[in-house]
Amino acid sequence: MNILLTIGILSLWSCVEKTTEQSQKARHVVVIGFDGLSPDGLRNADTPHFDRLMAEGAYTLNARAVLPSSSSTNWASMIMGAGPEQHGITSNSWEKSNFVLPTVAESEDFLFPTIFHLVETQMENPEVGAIYHWKGFGRLFEKSAVDYDVNPDTEEETARLAVAYIKSKKPDLTFVHFDHVDHEGHEFGHGTPEYYRSVEKADRLLGEVMAAIKDSGMANETVVVVSADHGGLGKEHGGESLKEMEIPFIIWGKSVKKNHKLTHPVFQYDNAATVAFALGIKKPLAWIGRPVKNAFEGFDETDGYPTVER
């Protein structure tokens, strides 16, 4: 009798969780990535738009990048739901024709499956766009999976094209990449007035993209994820320090908890898994990323091991 009761309770809980997942499914996801944006930047710059997203959504300023804390490795991990041990992109010198560690799974020759590929193969006639300020991002995903693929020359043009695309196409998945914060970090150093001014500019650009989501009429059916590839130490990154490894992770939109601080660890590769979860698509077995379900209403996973804040 007890066994049957236990089975019944577990079955009921499974049905409740599936119903919750279906009800929180979003029609659109917009991922906005800022190269080199550190938690320190958000704490010390004037960032009303970032602050509003945190107040209206779920967030942590203690998410963690993957090693090495370089751009290619971390942008790849963000869109591939896995670390360099799986996708094989171990440095900025990686190319399909120049790599040391082969990928463990392929969506096309030498390339690990990305969230773009999942959307393209699992959704019906999806609209997918990638607008990226750093040219190197363009070699990290399957070109056949993206309908709008553009590499603007400036951060201002990146925002302008992203705004126009969102308003005109109302895409299922949009990825927007801004590179200027990293430029200022390398030239002037993290924690400098110049760096904080670049973060404030990032805030204004974020505001433009968020306004486009609202003006498009799709805001009520959209989840927005905001994050970064790495932080920085002095004028560099790529090392193992906490300043280089910690990144912000902010999620806002349909079914997302409001003013909710995420208290359990979030990793770079959880970004893609969270996008897949929000869109209701299945992630590959090769992905190690887990969706950040605690950001959504109806989910409260605990295990007694919360994030240790430094």
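I take two strands as paired if DSSP finds at least two bridges between them, and I take helices (H or I, at least four residues) and strands (E, at least two) as DSSP runs, numbered from the N terminus.

The model I looked at is predicted, with local features needing pLDDT of at least 70 and side-chain atom pairs counting only at pLDDT 80 or more, while totals for chains, interfaces and linings use all residues. Residues are numbered from 1 along each chain as its sequence is written, and side-chain values use heavy atoms, with hydrogens and water left out.

**Entry 1: strand β5**

I began with the neighbours of β5, and found that strand β3 (residues 128–132) pairs with β5 in the parallel sense over 5 bridges, with I131 having V176 as its bridge partner in β5. Strand β1 (residues 28–34) also runs parallel to β5 and is joined to β5 by 6 bridges; here G33 stands opposite H177.

I then looked up burial, where buried means under 20% relative accessible area, exposed over 50%, and partly exposed in between (1.4 Å probe, protein chains only). Strand β5 (residues 173–178) is mostly covered, as 6 of its 6 residues are buried. In a regular strand the side chains alternate between the two faces of the sheet. In β5, L173, F175 and H177 point one way and T174, V176 and F178 the other way, all of them buried.

**Entry 2: aromatic pairs**

For rings of Phe, Tyr and Trp (its six-membered ring), I count a pair if the centres lie within 6.5 Å, and call planes under 30 degrees apart stacked, over 60 edge-to-face and the rest tilted. A search of the whole structure gave me 16 aromatic pairs. One of them is the stacked pair of Y148 and Y165, at 4.6 Å centre to centre with 20° between the planes. This pair links distant parts of the chain, since Y148 is in strand β4 (residues 148–150) and Y165 in helix α7 (residues 155–169), 17 residues apart. Y148 is partly exposed, with a relative accessible area of 25%, whereas Y165 is buried, at 5%.

I next checked F277 and F296, whose ring centres are 5.3 Å apart and whose planes stand at 65°, so the pair is edge-to-face. F277 lies in helix α11 (residues 270–279) and F296 in the segment after α11, so the pair ties together parts that are 19 residues apart in sequence. Both F277 and F296 are buried. I also noted a cluster in which ring pairs link W75, F116, Y132, F137, F141 and F175; F175 is one of the buried residues of β5.

**Entry 3: backbone geometry**

Which residues are joined by a cis peptide bond? I found L67 and P68, with omega about -5°, and placed P68 in the loop between β2 (58–64) and α4 (71–80). Most residues other than glycine have a negative phi, and most peptide bonds are trans.

F110 sits in the loop between α5 (84–87) and α6 (115–122) and counts as partly exposed at 40% relative accessibility. For S255, phi is near 65°; S255 is in the loop between β7 (246–253) and β8 (260–261) and is partly exposed, with a relative accessible area of 21%.

The 23 residues of α9 should span 33 Å, and the end C-alpha atoms are 33 Å apart, which agrees. α9 is followed by G217, whose phi is positive, near 85°.

**Entry 4: pockets**

On a 1 Å grid over the protein atoms alone, I take a pocket as an open set of points where a 1.4 Å probe fits, with protein on both sides within 12 Å along at least five of seven lines, and lining residues as those with an atom within 4 Å of a point. Grid points are joined across faces, edges and corners, and a volume is the space filled by probe spheres set on the points.

The largest pocket holds about 330 Å³ of space. Of its 14 lining residues, H264, P265, R290, N294 and E301 are the closest to the centre. The second largest pocket has a volume of about 220 Å³, and S38, P39, D40, G232 and K243 are the closest to its centre among 13 lining residues. The elements giving two or more residues to this lining are α2 (39–44) and α10 (242–245), and α2 gives the most, with 3 residues.

Conventions
The expected span of a helix is 1.5 Å times one less than its number of residues.
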